Structures are given as C-alpha cells and as structure tokens.
Amino acid sequence: QVQLVESGGGSVQAGGSLRLSCAASRYTYSRYYSGDCMGWFRQAPGKEREGVAVHCDRDGRIRYADSVKGRFTISKDNAENTLYLQMNSLEPEDTAMYYCAADSRWGLSLDARAYNYWGQGTQVTVSS
C-alpha cells in the first residue's frame with residue numbers, strides 16, 4: 001500500500017504564494033513501469049477533478065496544465081520521497097482542494113483515471 005499525505009494548503013490573497021508538499025510512504029517503483037509518475041490534481045466545488053502538474057522520476061519529464069504554466073512548479077525530493085508544488089501568482093480561480101496522486105498507468109498523464117493512489121487533499125483558498 002502507498003500512503004500519500006498532503007500539507008501546505010491555506011488561505012492567501014490573489015498574487016500570493018503557497019508551497020504544497022506530498023509525503024509518500026512505502027512507495028516503490030510503479031509496477032506499470034510507467035516512469036514512476038506522481039502528480040498534483042485539484043477539484044473545485046461542482047467541478048471535475050483536473051490535473052495540474054505531473055513529474056516522472058525515470059526521465060525527469062514534467063507536464064503542466066495550461067492554466068498554471070509559468071506560475072506553478074512541480075518538483076520531487078527523492079531522498080525524502082516528497083513531491084512539491086510551488087504555487088506563485090495565485091488567482092481566485094486556483095481555489096480548490098488539491099490532491100497528490102501516485103502510480104500512473106499512463107505515464108505523464110494529467111488524467112485522474114490514470115492514478116492508483118490518492119491523498120486526502122489540502123485546501124487552497126485564494127481571495128481577491
């Protein structure tokens with residue numbers, strides 16, 4: 001089993017920054033040999049869960065949703081097995097519950113259906 005624990009959410013004003021962390025316990029290389037991809041997703045009330053950013057270990061590939069390019073940065077500390085999401089220039093539209101996901105069946109995918117393990121989420125609220 002893989003456990004993912006997110007932290008770092010909070011309330012900020014527009015233009016502010018937050019750094020989310022996702023600590024992964026007992027995580028081994030993906031049985032799907034998909035590049036050991038982990039990602040950040042978000043879900044606002046009444047909306048579907050959407051992919052924000054994905055990081056794959058084996059080749060270092062990264063992918064961002066168009067809505068966050070240039071503002072968000074995903075990174076991973078392999079020694080600590082922790083995934084990060086640095087969020088700058090936050091906008092009210094970024095308000096959502098943010099989830100960490102691991103073990104993608106489809107590699108560098110922003111599709112939530114690809115992932116087998118999920119954290120409980122951390123709330124991000126951006127006020128105007």
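Predicted model: local features only at pLDDT ≥ 70, side-chain atom pairs only at ≥ 80, totals over all residues.

Visitor: What about secondary structure, how many helices and strands?
Guide: Zero helices and 11 strands. Going along the sequence, the pattern reads β-β-β-β-β-β-β-β-β-β-β.

Visitor: What radius of gyration does the chain have, and what would a compact globule have?
Guide: The chain has 14 Å, and a compact globule of 128 residues would have a value near 14 Å, so the two agree. As for the spans along the principal axes, the C-alpha trace covers about 45 × 25 × 25 Å.

Visitor: Now contacts. What share comes from residues 24 or more positions apart?
Guide: 58%, counting the contacts in the chain with a separation of 6 or more.

Visitor: Switching to cysteines. How many disulfides does the structure hold?
Guide: Two. One of them joins cysteine 22 to cysteine 100, with an S to S distance of 2.1 Å. That pair links distant parts of the chain, 78 residues apart: cysteine 22 is in strand E3 (residues 18–25) and cysteine 100 is in strand E9 (residues 96–104).

Visitor: Is the link of cysteine 22 and cysteine 100 left-handed or right-handed?
Guide: Left-handed, with -75° about the S-S bond. Cysteine 22 and cysteine 100 are both buried.

Visitor: Which cysteines form the other disulfide?
Guide: Cysteine 37 and cysteine 56, with their sulfur atoms 1.9 Å apart. Cysteine 37 sits in strand E4 (residues 37–43) and cysteine 56 in strand E5 (residues 50–56), so this pair ties together parts that are 19 residues apart in sequence.

Visitor: Why is the disulfide of cysteine 37 and cysteine 56 called right-handed?
Guide: Because the torsion about its S-S bond is about 105°. Cysteine 37 and cysteine 56 are buried as well.

Visitor: What's the pairing if I number the bonded cysteines in sequence order?
Guide: It comes out as 1-4, 2-3.

Visitor: Back to strand E3. Why does serine 21 count as buried?
Guide: Serine 21 lies in strand E3. Buried means under 20% relative accessible area, and serine 21 is at 17%, so it counts as buried.

Visitor: What is serine 21 in contact with, leaving aside its neighbours within four places in sequence?
Guide: Val5, Glu6, Ser7, Trp40, Thr82, Leu83 and Tyr84.

Visitor: And where is glycine 16?
Guide: In the loop between strand E2 (10–13) and E3. If you skip its neighbours within four places in sequence, glycine 16 is in contact with Met87, Asn88, Ser89 and Leu90.

Visitor: How many residues separate glycine 16 and leucine 90 in sequence?
Guide: They are 74 residues apart in sequence, and 5.5 Å apart in space, C-alpha to C-alpha.

Visitor: Last one, charges. How many positive and negative, and how far apart are their mean positions?
Guide: There are 14 positive and 14 negative charges on the chain, with mean positions 4 Å apart.

Key. Residues numbered from 1 in each chain as written. Heavy atoms only, no water. Disulfide = S-S within 2.5 Å. Helix = DSSP H or I, 4+ residues; strand = E, 2+ residues; numbered from the N terminus. Buried < 20%, exposed > 50% of the residue type's maximum accessible area, 1.4 Å probe, protein only. Rg over C-alpha atoms; globule rule 2.2 N^0.38 Å. Contact = heavy atoms within 4.5 Å. Lys, Arg positive; Asp, Glu negative; His and termini not counted. Charge placed at Lys NZ, Arg CZ, Asp CG, Glu CD.
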